[in-house]
Amino acid sequence: MRFLNNMTLFSWGIIEITREGAVMAARMGLRLVLLVMYAGLLTLTTSPTELADGLENLFSPMRRFGFPAHELAMMMTIALRFIPTLLNETERIMKAQIARGAELERGGPLKRLRAFIPVLVPLFVIVFQRADDLATAMEARNYTGGEGRSRMYPLKWSVRDSAALVFSVIFSFAAVLLDGRVLLP
Amino acid sequence: MSIDVKGLVHVYHPGTPLETKALDGVTFRAERGSWVAVVGHTGSGKSTLAQHLNGLLLPTEGSVTVDGIEVRRGEGSLRKVRQKVGLVFQYPEQQLFEETVFKEVSFGPRNWGVPTDTLNERVEEALGLVGIGSDLFEASPLRLSGGEKRRVAIASVLSSGPDYLVLDEPTAGLDSPGRRQLLDLLSNLKALGRGIIHITHDMELALGLADVILVLDEGRSALWGRPDIILGELLERDVRGLVIPDMVRFAGRLRELGYEVPLTWEPSVLAEAIDRSHER
Amino acid sequence: MTGNCLVRFSGVSYTYPGAAAPAIADIDLEIASGEWMAVLGCNGSGKSTLAKHLNALLVPAQGDCFVDELNTRSEDGKRSARRAVSMVFQNPENQIIAAVVEEDVAFGPENLGLPPEEIRERVRWALDVSGLGEMARKPVYALSGGQKQRLAVAGAIAQKPPCLVLDEATTMLDPRGRQDLMEVLSTLHSDGMTLVSITHRLEEILRCDRCIVLSKGRISWSGTPRELFLLGEELDRWGLEIPGMVKVWRELVKKGLLKAEIPPRMGEMVEALCR
């Protein structure tokens with residue numbers, strides 16, 4: 001990237017490093033670090049279930065307008081539950097088809113996609129069968145939707161939550177205000 | 001003509017914190033026309049071993065040789081080995097995907113490049129072996145009964161013309177008629193000269209059917225030999241996670257009490273012996 | 001041990017939509033509170049269809065099904081059947097809803113809208129009974145097949161039902177997993193829970209009080225496990241195979257070395273022979 005009126009710090013052949021460019025790179029880098037740190041903080045402090053419960057609570061006022069808050073949270077829970085299972089099954093089916101001579105990793109993208117049909121169809125069958133079984137199992141365990149459900153660990157607002165909220169708000173404001181001011185004269 | 005496994009070691013995820021040794025120096029031989037049962041608890045390395053026999057996994061150390069061809073990358077070794085050794089995974093019916101039974105069973109041979117004129121013959125032969133009649137050739141494999149699906153899945157491996165068949169818990173989930181039908185099929189294949197490698201956690205089944213039994217424990221070969229020898233050994237020492245058939249424990253207990261009974265897995269033989277010994 | 005009638009079927013038939021023949025037909029059956037009953041038959045005999053009527057997952061096409069004297073056809077009857085009868089299904093993988101062990105056990109009690117205190121207490125109890133007390137915070141994917149199935153049992157009994165139905169619950173387990181599950185069931189039975197085991201494996205009915213055999217959707221036979229073991233070629237016709245140990249027991253009974261009252265278990269048989 002080249003800027004007008006910028007100050008060259010270093011140049012070597014076609015490579016030229018300017019002050020503005022270096023500052024820009026540093027800022028981008030810092031933003032990424034911040035993003036990753038925040039995401040890390042979230043997953044370290046909050047279990048997926050708490051997250052799902054939290055989202056359900058957050059969106060529950062919108063239920064009045066037909067927003068499926070509980071259903072979304074339930075979908076998230078189930079999706080998280082079955083990711084490892086599905087990965088295992090994919091691996092197993094792939095191996096079974098390779099054992100029958102399928103070549104899954106040859107040729108261009110279109111050919112590969114076609115070669116994957118022997119893996120995709122069985123996976124669909126398994127997933128639909130599972131959806132069916134799971135629906136029956138949930139019904140058998142008295143599930144009738146979000147109405148009248150309670151929770152083993154109800155979410156309660158505590159001092160720590162307030163502190164975290166205040167900190168996050170201040171931090172976010174500070175980040176927005178300071179962005180573009182630091183590192184430049 | 002045999003599959004020879006020598007000092008086979010398999011390490012999953014080497015060099016990472018997830019590193020696990022699934023197989024640790026397994027040695028055995030499976031010959032054509034014989035039935036080898038590989039018995040062990042869940043996590044003993046049975047399924048890892050199965051995948052080595054047709055090159056889905058490659059040895060970390062040691063070797064696997066099929067009719068003189070070593071399983072390794074390059075020189076088309078894997079393709080040759082995979083055609084020689086058919087692998088039937090647990091619940092193989094889950095791999096079915098074609099529109100018709102016939103297409104399903106021709107999937108393997110087509111992949112191996114079997115010419116069209118012999119292809120139909122192969123498919124019909126395989127379906128005939130598993131007892132699926134021509135009335136079902138055009139049916140969707142997904143609409144068959146549980147037992148039929150399983151047999152079609154096995155036919156889809158047989159159609160590639162393997163000399164050895166490795167089956168991981170082939171009877172799991174079948175009821176007793178389905179089970180008997182499947183075991184008859186395997187005996188039949190053995191009589192036709194195929195090598196059967198039957199992976200199971202059912203000791204009673206292994207004792208009754210196998211010519212040789214390999215017992216795995218934590219990835220090591222704990223026992224290897226004829227069923228009658230294995231039977232004696234089992235009473236001597238405890239192999240982790242292996243459930244010794246009640247009948248064998250019963251015979252062992254009676255021997256301790258002075259009965260002259262053989263260690264056997266034939267109920268009538270044991271009952272006869274108890275009768276004779278009891279009179280004395 | 002057994003008490004009043006918990007479940008009553010009267011002339012129950014059911015045909016799946018699009019099927020030519022009924023899956024079950026003319027079923028008359030009573031299950032007494034506290035008994036352990038086995039429903040036997042090969043695949044396609046109608047076992048699972050019958051099981052699904054026990055807690056109103058299916059409602060009879062003809063005839064009536066009563067749980068606690070309430071007809072499962074009515075809304076009240078359905079609700080009460082769902083609470084009185086819990087189910088464990090064949091595939092452990094497909095009945096666990098949450099990603100963490102204790103959260104899955106809590107699913108049923110949460111649906112009942114119980115207070116958090118009580119849910120936690122029930123979860124702890126159910127996990128202890130199922131031998132998973134140490135695993136409460138473990139992720140479900142870290143469990144073995146047998147442990148998963150015991151988790152399914154914990155999830156079912158956390159609803160504190162008087163009756164538990166096991167629909168082919170041991171089919172996908174290894175021998176160790178089966179043994180562990182049978183131990184849990186024995187504990188529940190001695191604590192007074194009514195159990196219904198749906199199975200084609202005769203190894204599992206040794207501790208049952210009573211069994212019925214389904215064949216082509218109809219009840220072909222009923223009696224005690226020991227009476228069943230002494231039957232002859234009927235067993236083949238029904239597609240049932242008795243375990244090796246029981247075959248020895250049968251031969252010894254026929255030879256007059258054992259009395260038919262002696263259960264076909266190693267300890268009892270050795271003792272009776274040596275007497």
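**Chat about the chains of a predicted model**

Q: Before we start, what kind of model is this?
A: This is a predicted model, so everything below describes a prediction.

Q: How many residues does each chain bring to the contact between A and B?
A: Chain A gives 16 residues to the contact, and chain B gives 19 residues.

Q: And which elements on the chain A side give two or more residues?
A: Those are helix 3, which covers 69–99, and helix 5, which covers 117–140, both in chain A. The largest share on that side, seven residues, is from helix 3 of chain A.

Q: What classes do the residues on that side fall into?
A: On the side of chain A that touches chain B, 11 are nonpolar, two are polar and three are charged.

Q: How many residues of each are in contact?
A: Nine residues of domain 1 of chain B are in contact with six residues of domain 2 of chain B. On the domain 1 side, helix 7 (203–209) and helix 8 (227–236) of chain B are the elements that give two or more residues, and by class that side has six nonpolar, two polar and one charged.

Q: Now chain C, how many helices and strands are there?
A: Chain C has 10 helices and 10 strands. Its radius of gyration is 19 Å, close to the 19 Å that the globule rule gives for 275 residues, so chain C is as compact as a globular protein of that length.

Q: What share of chain C is buried?
A: Buried residues make up 52% of the 275 residues in chain C.

Methods: Residues numbered from 1 in each chain as written. Chains lettered and ligands numbered in written order. Predicted model: local features only at pLDDT ≥ 70, side-chain atom pairs only at ≥ 80, totals over all residues. Contact = placed C-beta atoms within 7 Å. Helix = DSSP H or I, 4+ residues; strand = E, 2+ residues; numbered from the N terminus. Nonpolar A, V, L, I, M, F, W, Y, C, P; charged D, E, K, R; others polar. Rg over C-alpha atoms; globule rule 2.2 N^0.38 Å. Buried ≥ 20, exposed ≤ 12 C-beta atoms within 10 Å, placed from the backbone.
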